[in-house]
Amino acid sequence: MTARTIGRALRRAPPPSVPAMRVLRRAWSRELRPLPPREVIRLAIQLLDHPGPWSRLVGYELIAHHPGGIQALTPAALRRLSTGLADWGSVDAFACYLSGPAWREGRLPTRQVHAWLRSPDRWLRRTAVVSTVALNVPARGGHGDTARTLAVCRQVVDDRDDMVEKALSWALRSLAPRDPREVARFVARHNDELSARVRREVGTKLRTGRKVERRRTGVAT
């Protein structure tokens, strides 16, 4: 199995949806399972050069679902895998599948995450913020990390790029079930810097456990 083989298959019969893509990816994961994880990482990097909307996502998932894939990642490999990020879907896949778990497991240093925060590239700043999700959400393997999450969030409280604003809301809402007191303190401390959207969504999460408050229905009597 090579990147060329996968790229050709994705071009010849592009999957019509993410579930359809995952049928193919699971078959490739089974075939690649006996390989050392570093070879799978190399294959994923090669897939970045293949055209089409699916090659990057398939590469990220092949690493994430390979035994030892996350533990074999290096800062250099993650920087290479992050090149060319240019849409929210790819960014969130990279952050949730690779950079976030690698950071949590000590494979990616905090200084690299903070370097992304200082980038003029909106997608790398979003990558840094979304990487905190894997620290806190149980479904992503997170056990809670208030200190690292809020250290990232503090650096983007006044970033008005839409993609970064939405990521900041997501990061704080992901931490809220783990540490609602610190999230509430953070919002209060940065109230004048945070956008109205972040204040609203995070406030609703703290009050109700949901992103959006449900509207009451029915006829008044």
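Tutor: Let's start with helix α5 (residues 75-82), where Ala77, Leu78, Leu81 and Ser82 are buried, meaning under 20% relative accessible area with a 1.4 Å probe and protein chains only. Helices here are DSSP runs of H or I with at least four residues, numbered from the N terminus. This is a predicted model: local features need pLDDT of at least 70, side-chain atom pairs count only at pLDDT 80 or more, and totals for chains, interfaces and linings use all residues. Residues are numbered from 1 along each chain as its sequence is written, and side-chain values use heavy atoms, leaving out hydrogens and water.

Student: Why do the buried residues of α5 line one face of the helix?
Tutor: Seen down the axis of α5, they fall within an arc of 135°, so they line one face. The arc is taken from the directions from the helix axis to the C-beta atoms.

Student: And what do the buried residues of α5 pack against?
Tutor: They pack against α3 (37-47), α4, α6, α7 (110-117) and α8, with contact meaning heavy atoms within 4.5 Å.

Student: What follows α5?
Tutor: Gly84 does, and its phi is positive, near 85°.

Student: New topic: is Arg126 buried or exposed?
Tutor: Arg126 is buried, with a relative accessible area of 6%. Arg126 sits in helix α8 (residues 122-130).

Student: Which residues is Arg126 in contact with?
Tutor: Leaving aside neighbours within four places in sequence, its contacts include Trp88, Asp92, Met163 and Trp170.

Notes: Helices (H or I, at least four residues) and strands (E, at least two) are DSSP runs, numbered from the N terminus. Buried means under 20% relative accessible area, exposed over 50%, partly exposed in between (1.4 Å probe, protein chains only).
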